[in-house]
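Reader: I am new to protein models and would like to learn how to read one. Could you take me through it step by step?

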Amino acid sequence: MWLDEVEEIFKGYLPYYILVFLPIFIIVSPANPVSAAHEFPVYRMQHYDLHGISFGSRGAAVNLEARSISAWSSSRHCIVTRFTDLTLNSFRNIRGKAGALIVQLPKTLSNFTQEEKQQLLLLENKMLYEQETSIPVYFTKYDPKFDNIVTELETNIDISNKKKSATEAMFSSIAGNGYQIVIASSNPTARTDIKIPTFHGHLAGSRPDGKVPTIAIVTHYDSFGVAPELSFGADANGSGVIVMLELIRLLSGLYSNPKTRGKYNILFILTGGGKINYQGSKKWLEDQLDSSEGSLIQEASFVMCLDTLAASDTIFMHVSKPPKEGSASSMFYKNLKSVGEDHPSVSIEGVHKKINLAEDILAWEHERYSIRRLPGFTLSTVKSHKDSWRSTILDSRENLDTNRLSRNARIIVDAIGKYVYDIPEGEKMDPDLEIDSNQIESRLKFLADQPRSQQLLSSKDNGLVTSLQNDFSKYLTDVKVTYAVPDKRDPDYQFFGNTKGTMNVYNVKPAVFDLILTLAITAYLTSVYFAINYIPALYSLCSNLIKLEKAKAK
Amino acid sequence: MTLYHFGNCVALVYVPYYLAYKHSGLSEYGAFWKCVQAGMIYMFTQLIKMMVLATFFPDNVEEFGSYLIGDFFKYTVDIADLVGLHFVLDGIPGKGHSKVLTAGIGWATAEVILSRALLLWVGARGAEFDWIYIQKCLESNILLVQHIATATLIWLRSRHNLNNNLKTVVTILLVLSCYKSLLFESLIHILKLGTWLGLVVKGAFTLAYGLFSLSIYAGMAELMGIY
């Protein structure tokens, strides 16, 4: 179609061999030498397999026309919307019928009402877990330029909209600004370099009879959210790591002095893959229990797992079996209760949930240990393992209450201290274990300022992982790293690449616009033609005028 | 935006040049090679201008104290354009219409090919739509008029039988034409005109400039007895 048009323009004006050379030039010249006026970083939705089930978005490449959430109609459209405008129903619809989805996050992730927050959490949860998504789904941070584009797309007249007048509709269909969204990306492939590191190290206690029991403290360091690059996980599970590091710092100070050495060995385990069914713990336990040499974990009095410790004012002690009276766990629970009584704003509750062996996914990390007949419990400030707060991109540093975290850390540290030093009920620890809130702040900054999704931490020499390992080595003895690697042939879990990309947004006009432009240019050129023809007349007019002047002068 | 859009732009920028060439009767004189010659001299002049700029001017115009002064010095080099056009006129035999038109059109064509072709090829063909390409094309059309008028004025200035009053006016106009872009930029900046309105202003000024040149030329032609 356009070839004819071009020919018409060129016919009579330019020689025909142009028609031969032009295509050659086009073929020879580099493909699409465009530099987009708008480029934005985008972060792809989660894309992983766990126990043979696929989660997240499967696609990555986008080259589609942008439409707002209310004006799209086919799989040739890429829907561009704000996170707050997206609803579950519209997402379900988009997932099935649209071509791609770009979601812009709000300017800040705080400042939500409780209701909005719940809605976003639910949406995020359903996006991830309801079923896999075949279209590419990307998230982008707030950018004023992109926000303008979103607004413009929203106000663009929808042709089917009856409220607008016919002229307006026609005008917009001719000259309306359109946007083409291009995200160049290869097909995401399963990553083969995944290695999930788990660290452990211990503080050795002492007793006169030489038989020293062990307690284990476990927490995972990875985070999870709808997009790996946006999962900062300040609370889940940055708070767990912070409390553990604080425990290590305080207890190692006491254990380094023979006079104040505790009566228990304390084994610290910092696991990876906590958000993918506690793969780090699983692998570590297999290694420890099945190895020929004895491991400290075998004679553990209890295993305490830490998970999401700043979400509320209630600390829940999750167990899979109610602890027997007089057992280590029940003694710890009593300690925790009595410490909790000193803080009137805090309540301590026990929650009992049986392990559901029929399900592949375990609820809490302690279940990994309970399955292997180790008494365990998880301390957490969320009541249910299904709480969306444990896997959301809203869980950022600005949404974390540091005072609450310090206070909860203090309670846990005191309870452990009481247990380790066998301090009877009603008495205070001596010396006092002082939580350093500056430490907590700086640790939080360090942990929650970079995304900690497992697939991002699994590369070699990751800065965050190395620094955590250094923290361990500084205070603990026998620090070792165990790597969990998915089985080559039948992997339990698989991560896919392309977690982020660059989105190019091109301003485009409808095809009709070009035709109209051609008409306008033709009209203009015709007027130029007549103007040029008119010049001799103008010239003679000038000559005559001058003659007249001269005649007057004479 | 697309190849089709590129075609639109090319038509918009080059067809007026073609029409000017065809309808000014130059094609009948066989002045094509003279036009090419004018283009060559244009290129040579630009080369010299660039060498002068690169050798004597700092990279950063701010070193002059302000953008305005820096730009002023930069545009001063454009006087070389006038000298170049003068050489072009010298190299063309004959007198009157054809001489002036050949120089003006040849010069303007060389400029439009060298400065716009690549821009359009890279820009207008890309996926992104921008009005700037259409604007640049229209600006080129305005430049055609301006170059022909400038060539006329240079020719007039070289005439001995031009009266002294007019000679001063012509000289002033020629010097101003060098700083034309600087003046327009400042004007548009001060009045905060949009690009489209700026284009209209440029067009209006150039038209006045052209008409003025035409009337002086008509007087001179009358004096010399050429039509």
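Author: Gladly! Let us begin with a pair of strands: β2 (residues 47-50) of chain A is joined to β17(A) by three bridges, and the two run antiparallel. Strands (E, at least two residues) and helices (H or I, at least four) are DSSP runs, numbered from the N terminus. Two strands pair if DSSP finds at least two bridges between them. This is a predicted model, in which local features need pLDDT of at least 70 and side-chain atom pairs count only at pLDDT 80 or more, while totals for chains, interfaces and linings use all residues. Residues are numbered from 1 along each chain as its sequence is written, with chains lettered from A and ligands numbered from 1 in the order in which they are written.

Reader: Which residue is the bridge partner of Asp49(A) in β17(A)?

Author: That partner is Gln494(A).

Reader: What holds strands together in general, and in what order do the strands form the open sheet here?

Author: Strands of a sheet pair through backbone hydrogen bonds, either parallel or antiparallel. In chain A, three strands form an open sheet in the order β3-β2-β17, with antiparallel pairing. β3 (53-56) and β17 (493-495) of chain A each have a single partner strand, so one side of each edge strand has no neighbour in the sheet. From one strand to the next, the twist averages 15 degrees (axes are lines fitted to C-alpha atoms, and angles run from 0 to 180 degrees between N-to-C directions).

Reader: How is chain A divided into domains?

Author: Domain bounds come from an automatic or database domain assignment. For chain A they give domain 1 (1-33), domain 2 (36-190 + 500-508), domain 3 (196-485) and domain 4 (510-539). Between domains 2 and 3 of chain A, 19 residues of domain 2 are in contact with 16 residues of domain 3 (contact means C-beta atoms, placed from the backbone, within 7 Å). On the side of domain 2 that touches domain 3, the largest share, eight residues, comes from α4(A).

Reader: And what is the secondary structure of chain B?

Author: Chain B has ten helices and zero strands. Its radius of gyration, taken over C-alpha atoms, is judged against a rule of 2.2 Å times the number of residues to the power 0.38. A compact globule of 227 residues would be near 17 Å, so the 18 Å of chain B agrees.

Technical notes: Two residues are in contact if their C-beta atoms, placed from the backbone, lie within 7 Å.
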